[in-house]
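Student: I would like to go through this structure with you and ask, for each label, what value stands behind it.
Tutor: Then let us set each value against its definition.

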Amino acid sequence: MSLSTKIQIVLILTWFGVVLGISFLEAPVKFHTPSLTREVALDVGRTVFQALNYFEWVMAFVLGTFVILTNKLSSNYPQKRTITALYTFICLILFMQSFWLLPELKSRAGLIISGGEPAKNYLHLTYILMEISKLSLLLVMGSKKLSSV
């Protein structure tokens with residue numbers, strides 16, 4: 001197994017673990033903590049998810065660099081195409097979350113923190129479904145990298 005492949009596997013699994021831990025452990029637990037008001041939990045959530053978003057863009061950039069380098073060195077065209085497609089879909093989800101969903105959810109949280117109550121919508125559910133999709137794609141990508149050994 002090449003060093004590049006090992007690094008990609010570490011990056012993929014680290015990214016997977018951080019998203020899983022923040023989105024599906026930290027976020028729900030925060031809203032079930034009796035000493036945190038809804039407003040405080042939302043304020044903390046805005047900060048945590050902004051940090052997660054920055055982390056994910058760093059991971060996307062670093063992983064993308066290794067994907068490109070590995071593709072240039074590899075002669076396995078089907079593997080290159082599959083990994084590139086998975087990476088592209090992951091980045092598309094991250095892009096939609098960053099430039100559409102997170103700003104909308106941040107705005108909704110701000111409205112609630114300031115005492116308002118926004119109209120019901122499906123933005124939060126959409127974000128969760130995108131997180132599940134991103135995690136699934138990362139898992140498939142990691143599996144493909146491991147199977148290339």
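Student: Why are Arg 46 and Asp 43 said to be separated by about one helical turn?
Tutor: Arg 46 and Asp 43 are three residues apart in helix H2, and therefore about one helical turn separates them; helices here are DSSP runs of H or I with at least four residues, strands are runs of E with at least two, and both are numbered from the N terminus. The model is a predicted one, in which local features need pLDDT of at least 70 and side-chain atom pairs count only at pLDDT 80 or more, while totals for chains, interfaces and linings use all residues. Residues are numbered from 1 along each chain as its sequence is written, and side-chain values use heavy atoms, with hydrogens and water left out.

Student: What makes the contact of Arg 46 and Asp 43 a salt bridge?
Tutor: The term requires a side-chain nitrogen of Lys or Arg within 4 Å of a carboxyl oxygen of Asp or Glu. The side chains of Arg 46 and Asp 43 meet at 2.8 Å, N to O, and the pair is a salt bridge.

Student: Why is Arg 46 called partly exposed?
Tutor: Buried means under 20% relative accessible area, exposed means over 50%, and partly exposed is what lies in between, with a 1.4 Å probe and protein chains only. Arg 46 has a relative accessible area of 27%, so Arg 46 is partly exposed, and Asp 43, with 36%, is partly exposed as well.

Student: How do you know that Lys 134 ties together parts that are 78 residues apart in sequence?
Tutor: Lys 134 forms a salt bridge with Glu 56, the closest N and O atoms being 2.5 Å apart. Because Lys 134 lies in helix H4 and Glu 56 in helix H2, this pair joins parts that are 78 residues apart in sequence. Both Lys 134 and Glu 56 are buried.

Student: How many aromatic pairs does a search of the whole structure find?
Tutor: The search finds three aromatic pairs.

Student: Why is the pair of Trp 57 and Phe 99 called tilted?
Tutor: Rings of Phe, Tyr and Trp (its six-membered ring) pair if their centres lie within 6.5 Å, and planes under 30 degrees apart count as stacked, over 60 as edge-to-face and the rest as tilted. The ring centres of Trp 57 and Phe 99 are 6.3 Å apart and their planes stand at 55 degrees, so the pair is tilted. Trp 57 lies in helix H2 and Phe 99 in helix H3, and the pair therefore ties together parts that are 42 residues apart in sequence.

Student: Is Phe 99 buried or exposed?
Tutor: Phe 99 has a relative accessible area of 56% and is therefore exposed, whereas Trp 57, at 30%, counts as partly exposed.

Student: What makes Trp 57, Phe 95 and Phe 99 a cluster?
Tutor: Phe 95 and Phe 99 form a tilted aromatic pair, 4.8 Å centre to centre with 45 degrees between the planes. Ring pairs link Trp 57, Phe 95 and Phe 99 into the cluster.
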